[in-house]
Amino acid sequence: MAKKTWVNWERLSLVLALVVAAGPSAAAAQGAASVYAQKCAGCHGASGKGDGPAGQVMVPPPKPFSTTLKGKSDSWIETVIAKGGPAVGLSPAMPAHPGLSGSQVENLTQYIKGLNS
């Protein structure tokens, strides 16, 4: 039985080593993807094209990130996420997400910018 416990600790050590080797950016990206799936994809779609199920029935529908975010700063995007569309002159249909931490908003901003839309 002791050997089995040791093997489990060995596996745990290996998993922890992989997480450390991947770095915080991998964990942040995974967290941002989860936040995006829960809070954004319904309207903006999986790839940010504005074609999520709710976005398809909105008038007007959300614009693709490839056009909406062109030339926008990270700070502008973070304001939209945290304070909602009206904070920057966009649609009130874009809700605020005040419950996200600063790091979640920053990671989500980078995730959104990385979507191929």
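Figure 1. Phenylalanine 65 counts as buried, at 9% relative accessibility. The model shown here is predicted. Two aromatic pairs are present in the structure. In one of them, the ring centres of tyrosine 36 and phenylalanine 65 lie 6.4 Å apart and the planes meet at 65°, so this pair is edge-to-face; planes over 60 degrees apart are given that name. The pair links distant parts of the chain, with tyrosine 36 in helix α1 (residues 2-39) and phenylalanine 65 in helix α3, 29 residues apart.

**Figure 2. Tyrosine 36 and tyrosine 111.** Tyrosine 36 has a relative accessible area of 2% and is buried. With tyrosine 111, tyrosine 36 forms a tilted aromatic pair, at 5.5 Å centre to centre and 50° between the planes. This pair also joins distant parts of the chain: tyrosine 36 belongs to helix α1 and tyrosine 111 to helix α5 (residues 102-114), 75 residues apart. Tyrosine 111 is partly exposed, at 26% relative accessibility. Through ring pairs, Tyr36, Phe65 and Tyr111 are linked into a cluster.

**Figure 3. A lysine over a tryptophan ring.** The side chains shown are those of lysine 72 and tryptophan 76. The charged end of lysine 72 sits over the ring of tryptophan 76, at 4.9 Å from the ring centre.

Figure 4. Valine 59 and proline 60 are joined by a cis peptide bond, with omega about -5°. Proline 60 is placed in the loop between α2 (41-44) and α3 (65-68).

Note on methods
Residues numbered from 1 in each chain as written. Predicted model: local features only at pLDDT ≥ 70, side-chain atom pairs only at ≥ 80, totals over all residues. Heavy atoms only, no water. Helix = DSSP H or I, 4+ residues; strand = E, 2+ residues; numbered from the N terminus. Phe/Tyr/Trp six-rings, centres within 6.5 Å; stacked < 30°, edge-to-face > 60°. Buried < 20%, exposed > 50% of the residue type's maximum accessible area, 1.4 Å probe, protein only. Lys NZ or Arg CZ within 6 Å of the ring centre and 35° of its normal.
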